[in-house]
Amino acid sequence: MESEKDKKLLENLAKHVGQVNTDLNNAKPKFMDAFFFPNKANVDRLVRYIKYAKKQILICVFNLTNDDLAAAILERHKAGVEIRVISDDECMENKGSDIHRLANSGIYVRTDDAPEVHMHNKFMVVDNEFVLTGSFNWTYQAGSKNQENLLVVDNKYYVTKYVDEFEKLWKSFKKNEVE
């Protein structure tokens, strides 16, 4: 392989292999978003992210009183998506909370187990593909009046961290099934 033609072929091949390596190591995200509240259009955007689920949704929320979000969760459940929810034991009893409605519909729900400690996380993992997290409480008030935010990322590092955290909490709240 000493000819000029062979050298050019090897140079081109090395260039293409280098580009493939760069593309694989710097994959462009499929899910990358940030949105802010109060904004009804962004509540609808969150509903679309919920409806993206085909296999599984893991949700940790302090409070859930937004009926649009609860309806989207119930719709995915009826479509056969496995859904597990972790919420705060005290907030679950608040007026307007949708947590009992989700549990009564067959969705697996657990809560924290101590009044002096709050399950204050606010995140969702969809199909182990992306995480949605931020300050946004899943309430009508948060979508219509509060200054809140949500971030969507699909980086595997973060997805794995959030799934692991969810599973750790799920296991630790094993005695607190909501029926």
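Biologist: What should I know about the numbering and the values before we start?

Modeller: Residues are numbered from 1 along each chain as its sequence is written, and side-chain values use heavy atoms, with hydrogens and water left out. The model is predicted, so to speak: local features need pLDDT of at least 70, side-chain atom pairs count only at pLDDT 80 or more, and totals for chains, interfaces and linings use all residues.

Biologist: Okay, how many helices and strands does the chain have?

Modeller: Helices (H or I, at least four residues) and strands (E, at least two) are DSSP runs, numbered from the N terminus. Along the sequence they follow α-β-α-β-α-β-α-β-β-β-α-β-α. That comes to six helices and seven strands.

Biologist: What is the radius of gyration of the chain?

Modeller: It's taken over C-alpha atoms, and the globule rule is 2.2 Å times the number of residues to the power 0.38. The C-alpha atoms fill a box of roughly 80 × 35 × 35 Å along the principal axes. A compact globule of 179 residues would come out near 16 Å, but this chain has 21 Å.

Biologist: Which strand pairs with β1 over six bridges?

Modeller: Two strands pair if DSSP finds at least two bridges between them. Strand β1 covers residues 32-37, and one of its residues, phenylalanine 35, has leucine 150 as its bridge partner. The pairing is antiparallel, and the partner strand is β7.

Biologist: And which residue in β7 is the bridge partner of valine 131?

Modeller: Look at strand β6, residues 130-133. Three bridges join β6 to β7, and the two run antiparallel. For valine 131, the partner is valine 153.

Biologist: Is arginine 84 buried or exposed?

Modeller: Arginine 84 sits in strand β3, residues 82-87. Contact means heavy atoms within 4.5 Å, and beyond its neighbours within four places in sequence, arginine 84 touches Gln56, Ile57, Leu58, Ile59, Tyr108, Phe166, Glu167 and Trp170. Buried means under 20% relative accessible area, exposed over 50%, partly exposed in between (1.4 Å probe, protein chains only). Because its relative accessible area is 9%, arginine 84 is buried.

Biologist: Where is aspartate 127, and what is its phi?

Modeller: Aspartate 127 lies in the loop between β5 (123-126) and β6. At 8% relative accessibility, it counts as buried. Its phi is positive although it isn't a glycine, with a value near 50°.

Biologist: How exposed is asparagine 128?

Modeller: Asparagine 128 is found in the loop between β5 and β6. It isn't a glycine either, yet it has a positive phi of about 55°. Asparagine 128 counts as partly exposed because its relative accessible area is 35%.

Biologist: Last one: what share of the residues in the chain is buried?

Modeller: The count runs over the 179 residues in the chain. Buried residues make up 44%.
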